[in-house]
There are 2 protein chains.
Amino acid sequence: MLTDIEIARKAKLEKIDNIAEKLNIPEEYYNNYGKHIAKISNHYMKELKDKKDGKLILVTAITPTPAGEGKTTTSIGLSMALNKLEKKSIVALREPSLGPVMGIKGGAAGGGYSQVLPMEDINLHFTGDIHAITTAHNLVSAVLDAHIKYGNKLNIDTTRILWKRAMDMNDRALRNIVIGLGGKANGVTREDGFIITAASEVMAVLCLAESITDLKKKLASIVIARNLKGEPVTIGDLKIEGSLALVLKDAINPNLVQTIENTPALIHGGPFANIAHGTNSMMATKMALKMTDYVVTEAGFGADLGAEKFLDFVSPTFKLHPDTVVLVATIRALKYHGGQKLDTISEENLETLNKGLENLKVHIENLKKFGVPVVVAINKFATDTEKEIQIVKDYAENLGSKASINTSFADGSSGAIELAKEVIESVEKENNYKPLYTLENTLEEKLEILSKEIYRAGTLELTPTAKSKIKFLRKYGYDNLPLIVAKTQSSISDDKKKLGAPNGYKFTVRDFELSAGAGFIVALAGEIMRMPGLGKIPNAVNLDIDKDGIIKGLS
Amino acid sequence: MLTDIEIARKAKLEKIDNIAEKLNIPEEYYNNYGKHIAKISNHYMKELKDKKDGKLILVTAITPTPAGEGKTTTSIGLSMALNKLEKKSIVALREPSLGPVMGIKGGAAGGGYSQVLPMEDINLHFTGDIHAITTAHNLVSAVLDAHIKYGNKLNIDTTRILWKRAMDMNDRALRNIVIGLGGKANGVTREDGFIITAASEVMAVLCLAESITDLKKKLASIVIARNLKGEPVTIGDLKIEGSLALVLKDAINPNLVQTIENTPALIHGGPFANIAHGTNSMMATKMALKMTDYVVTEAGFGADLGAEKFLDFVSPTFKLHPDTVVLVATIRALKYHGGQKLDTISEENLETLNKGLENLKVHIENLKKFGVPVVVAINKFATDTEKEIQIVKDYAENLGSKASINTSFADGSSGAIELAKEVIESVEKENNYKPLYTLENTLEEKLEILSKEIYRAGTLELTPTAKSKIKFLRKYGYDNLPLIVAKTQSSISDDKKKLGAPNGYKFTVRDFELSAGAGFIVALAGEIMRMPGLGKIPNAVNLDIDKDGIIKGLS
């Protein structure tokens with residue numbers, strides 16, 4: 001098979017103006033970025049506000065494994081298939097970071113015959129959204145350090161600055177640094193560090209903002225430090241939310257591109273699914289819902305992370321919920337959860353498969369607790385056997401969910417027709433959506449509910465640090481916010497080694513972090529990597545562009 | 001008078017497609033970035049290669065003072081006036097950094113009725129060129145530190161890493177930092193620092209590259225460290241010039257915008273005029289020369305820095321030279337050079353003016369040593385008196401250069417008609433261009449020539465560090481490169497306090513730096529600031545955007 005970039009190069013793209021025209025977007029509401037990318041103005045929402053919403057399909061997955069699930073490929077394939085079935089559909093996805101493209105082989109624009117294009121731009125600078133977020137983020141740091149140097153009127157405690165700097169790069173050497181060295185002219189010496197831009201609260205805020213005004217309000221609320229009295233210091237205290245919003249004036253506008261089959265795609269924003277809510281911008285999703293019959297969107301990591309956050313935080317906050325959830329599974333990943341080693345993952349093994357199905361079961365059960373219809377998508381690999389597939393189909397059916405084969409990576413939309421038909425049926429089913437907790441629940445109650453209902457823990461433990469942080473949050477009136485749990489994506493539990501369907505264990509929350517701008521509290525259950533590193537041989541050594549502009553090494 | 005952003009908002013912009021059409025650029029060779037910005041493909045140069053070059057006008061200035069000279073405003077006004085006189089003209093300028101916009105009031109897109117538009121985009125992210133340079137720059141650092149962590153096969157001496165990280169921000173706290181703290185997982189602890197992106201050698205290289213292939217070659221040649229034997233280590237040794245070129249694939253393409261009077265402008269690249277060559281990309285200038293009768297371009301700082309580098313480095317390297325040099329002066333700055341204090345600079349004072357004219361004289365004489373015709377532009381302020389102006393005109397005329405009034409800040413093109421007519425006459429004059437030194441001169445000889453002919457020093461001194469660095473450069477075959485002198489912009493000499501026309505002093509070179517990718521050696525005469533800081537009240541607190549997208553605080 002051809003590589004992703006080779007397939008992308010052979011694709012016949014339509015001018016983005018044609019895509020915009022099919023969506024009836026007036027010319028004054030979008031701007032081209034080259035021939036195949038456009039940004040749709042946030043002001044267009046005002047024009048759309050009286051339109052009826054389309055159906056929302058949320059794509060999530062079983063617990064991720066090194067074997068890969070293909071959630072993005074499935075989302076794109078499903079949206080293309082819906083269009084093939086003459087249902088108007090937009091796929092709304094997160095935009096990839098550039099940093100990881102340099103680290104590991106593999107971008108994040110789908111793959112094979114289920115891609116969004118132009119993949120080389122989407123995977124590189126795209127329309128500059130992430131660069132704008134980096135700039136806004138680091139402007140806060142620069143103003144903060146200048147404020148401290150010039151008298152520190154806000155009495156910021158330089159040992160309790162919560163705001164690190166940011167860069168869209170896998171750069172472990174910047175995780176822990178000391179800044180301000182070299183004397184008075186260079187400011188005040190203190191500890192600092194860099195996080196990758198996708199982990200910035202500015203990213204989360206941008207993805208939740210409903211307008212420029214709302215963006216400014218959220219930015220101003222971000223807590224960046226504590227003063228010498230221990231009180232929170234915000235970006236609003238530095239009086240720079242206006243300049244940050246100016247820096248983000250284009251980044252707030254959703255990006256319009258197309259799939260390899262020329263159906264529309266909105267690719268906008270990319271917050272993490274552990275320390276943030278893990279789905280593309282609400283602006284993009286809400287705009288897409290006004291423009292088509294179906295919107296296929298994706299939530300990061302497994303259903304215990306991305307989907308839970310969508311259903312418990314995004315849906316109540318924005319008063320929208322999925323008409324159907326698509327749960328992606330692969331035979332390979334299920335076998336891995338059942339104990340099969342990676343090097344034999346391609347061989348038929350009904351024993352490990354049967355055992356691994358318990359992971360699928362937990363996620364189906366979890367999703368049904370939210371009252372939404374669930375469809376299983378089996379992302380099929382060439383090595384999967386008929387027997388294996390039948391086992392998964394039967395298993396899902398017993399749990400009340402139809403399982404459909406998806407081969408859109410190899411076949412494009414025709415590989416997702418069965419799934420699309422299932423989804424079209426499913427969205428008409430009874431939908432009793434409700435979140436698992438309400439804002440009236442205390443922080444501890446919310447955690448109790450999630451650890452029991454979703455993570456299947458026996459007991460919940462809060463460390464002394466976590467307990468003392470709750471007091472701080474209560475004291476300053478932040479304890480009633482929704483909860484975002486940051487934990488490993490490799491297990492339903494808080495321990496990445498626990499594959500399959502762990503239960504009855506102790507779930508430990510070691511600390512809380514306040515994302516007051518984004519409007520949630522992050523519960524930290526385990527170490528969360530906010531700045532990846534490059535490997536021994538980074539993908540950067542494989543990437544190239546030749547004299548004619550032909551690109552190599554992107555996939 | 002209205003502010004720059006208010007004037008910009010009232011301007012009636014043409015669609016950039018119209019501007020491109022007037023320049024006969026085929027649609028397949030440019031890409032829109034919104035309605036009013038386009039990028040012209042570097043591949044378009046192949047189509048243009050047989051066209052005749054237009055006339056090149058280089059705009060430079062007397063020694064800069066806090067009173068301001070208005071070089072960019074003059075360049076834009078002159079190009080608009082040439083168009084008004086039915087001469088096709090493009091103004092080619094450097095693109096501003098975003099960092100300084102947050103620091104001090106004042107962007108870098110001209111001012112008043114002599115602006116390039118859309119100024120709010122040009123001053124912010126524009127087409128992302130500088131973000132791409134930042135990314136490429138920092139990718140080198142990330143790969144370098146990963147290389148060291150994973151065994152350091154190149155035997156890089158971690159105490160002699162020359163490559164710092166970069167950010168487009170005024171952020172003094174990042175000048176001197178320690179990275180890699182926190183144990184083995186975070187890499188190797190070492191000293192580092194950040195420079196502002198405009199000071200990156202990647203910026204210089206991008207502005208000198210004639211194609212993607214040339215760009216890769218230059219990037220690979222950049223020396224980033226020395227190994228334990230003291231030998232130079234290059235980006236080519238890390239094998240990432242391909243990925244850097246990929247990151248820069250769009251940044252290499254010149255940006256097309258328009259002036260406030262809808263005449264074409266290319267704004268592309270922004271290297272410093274002390275540690276680099278200080279003019280917009282050669283790609284933009286060469287492309288512009290093929291497309292119109294006149295190209296007005298600008299070199300940074302005073303004529304002793306930017307213009308000297310253009311005439312001694314850029315012209316011989318690219319086999320093009322100015323048909324006329326425009327030397328911008330203001331009555332206020334001349335009085336300042338004559339000893340007048342800033343608070344009385346608006347008052348008529350013939351004594352300080354007459355004394356300050358010696359600065360103008362040195363620059364006129366210097367420029368004439370290159371054999372090019374020189375025209376003086378008096379950038380007129382409302383407080384300048386008729387007497388003062390006449391004195392400058394007479395003085396310039398005595399030195400063999402016509403001086404013309406320029407009021408394009410207040411009047412647009414009509415304020416630069418006199419200057420434009422003078423330029424049209426001047427380009428037909430005899431032009432005996434030759435650089436002051438040749439590549440056959442040794443490093444010391446080149447410095448002797450410049451310090452005597454341009455900086456008017458009595459003696460040249462090289463510190464022991466500088467002398468030892470020459471040995472290194474010789475040993476590795478780098479000593480035959482052109483010379484770029486980095487010194488204060490506030491004096492013709494190496495001492496910023498020496499206003500007017502210093503001479504007979506001792507000019508000290510304290511060190512050399514190798515820019516092997518850009519292809520020059522930097523002689524350091526004084527401390528060069530590569531990372532500015534924010535002031536006590538940074539401009540960031542003045543910037544804002546309202547709910548309708550109206551911007552405040554940019555000028």
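B:R456 sits in the loop between α19 (443-453) and β20 (459-462) of chain B; helices (H or I, at least four residues) and strands (E, at least two) are DSSP runs numbered from the N terminus. Phi of B:R456 is near 60°, a positive value in a residue other than glycine. B:R456 counts as buried at 18% relative accessibility. Buried means under 20% relative accessible area, exposed over 50%, and partly exposed in between, with a 1.4 Å probe and protein chains only.

This is a predicted model: local features need pLDDT of at least 70, side-chain atom pairs count only at pLDDT 80 or more, and totals for chains, interfaces and linings use all residues. Residues are numbered from 1 along each chain as its sequence is written, chains are lettered from A in the order in which they are written, and side-chain values use heavy atoms, with hydrogens and water left out.

**Backbone exceptions**

Most residues other than glycine have a negative phi, and most peptide bonds are trans. A:N155 has a positive phi of about 55° and is not a glycine. A:N155 lies in the loop between α7 (129-149) and β7 (156-161) of chain A. A:N155 is partly exposed, at 41% relative accessibility.

A cis peptide bond joins A:L117 and A:P118, with omega about 0°. A:P118 is in the loop between β6 (114-117) and α6 (119-122) of chain A. In chain B, the bond from B:L117 to B:P118 is cis, with omega near 0°. B:P118 is in the loop between β6 (114-117) and α6 of chain B.

**The interface**

Chain B and chain A bury about 6,000 Å² between them, 63% of it on carbon and sulfur atoms. Buried area here is the accessible area (1.4 Å probe) that two parts lose on being put together, summed over both. The contact takes 73 residues from chain B and 73 residues from chain A; contact means heavy atoms within 4.5 Å.

Across this interface, 37 residue pairs are in polar contact, both residues at pLDDT 80 or more. A polar contact is a pair of N or O atoms within 3.5 Å; within protein, one must be able to donate a hydrogen and the other to accept it, and residues adjacent in sequence count only if both atoms are side-chain atoms. On the side of chain B that touches chain A, α7(B) gives the largest share, ten residues. That side divides into 34 nonpolar, 19 polar and 20 charged residues. Ala, Val, Leu, Ile, Met, Phe, Trp, Tyr, Cys and Pro count as nonpolar, Asp, Glu, Lys and Arg as charged, and the others, Gly among them, as polar.

**Salt bridges**

The structure holds 66 salt bridges over all chains. Each is a side-chain nitrogen of Lys or Arg within 4 Å of a carboxyl oxygen of Asp or Glu. Between chain B and chain A the count is eight.

| Pair | N to O distance |
|---|---|
| B:D121 and A:K249 | 2.7 Å |
| B:K249 and A:D121 | 2.7 Å |
| A:K218 and A:D214 | 2.9 Å |
| B:E418 and B:K393 | 3.3 Å |

B:K249 lies in the loop between α11 and β14 (255-259) of chain B and A:D121 in helix α6 of chain A, so the pair joins two chains. Both B:K249 and A:D121 are buried.

A:K218 and A:D214 are four residues apart in helix α9 of chain A, about one helical turn. Both are buried. Helix α9 (residues 212-221) of chain A is mostly covered, with seven of its ten residues buried. Its cover includes α8 (201-208) and α11 (241-247) of chain A, together with β25 of chain B.

B:E418 in helix α18 (residues 417-426) and B:K393 in helix α16 of chain B link distant parts of the chain, 25 residues apart. B:E418 is partly exposed at 37% relative accessibility. B:K393 is partly exposed at 22%.

A salt-bridge network links A:D145, A:R165, A:R190, A:D192 and B:D171.

**Core and buried loop**

The largest nonpolar core has 393 residues, and A:F512 and B:F512 touch the most other members. Such a core is a set of buried Ala, Val, Leu, Ile, Met, Phe, Trp, Tyr and Cys residues joined through side-chain atoms within 4.5 Å. Beyond four places in sequence, the contacts of B:F512 include B:L443, B:L462, B:I470 and B:V522.

A:N42 is in the loop between β2 (38-40) and α3 (44-48) of chain A. A:N42 is buried, with a relative accessible area of 8%. Leaving aside residues up to four places away in sequence, A:N42 touches A:I212, A:I252, A:N253, A:M283 and A:M287.
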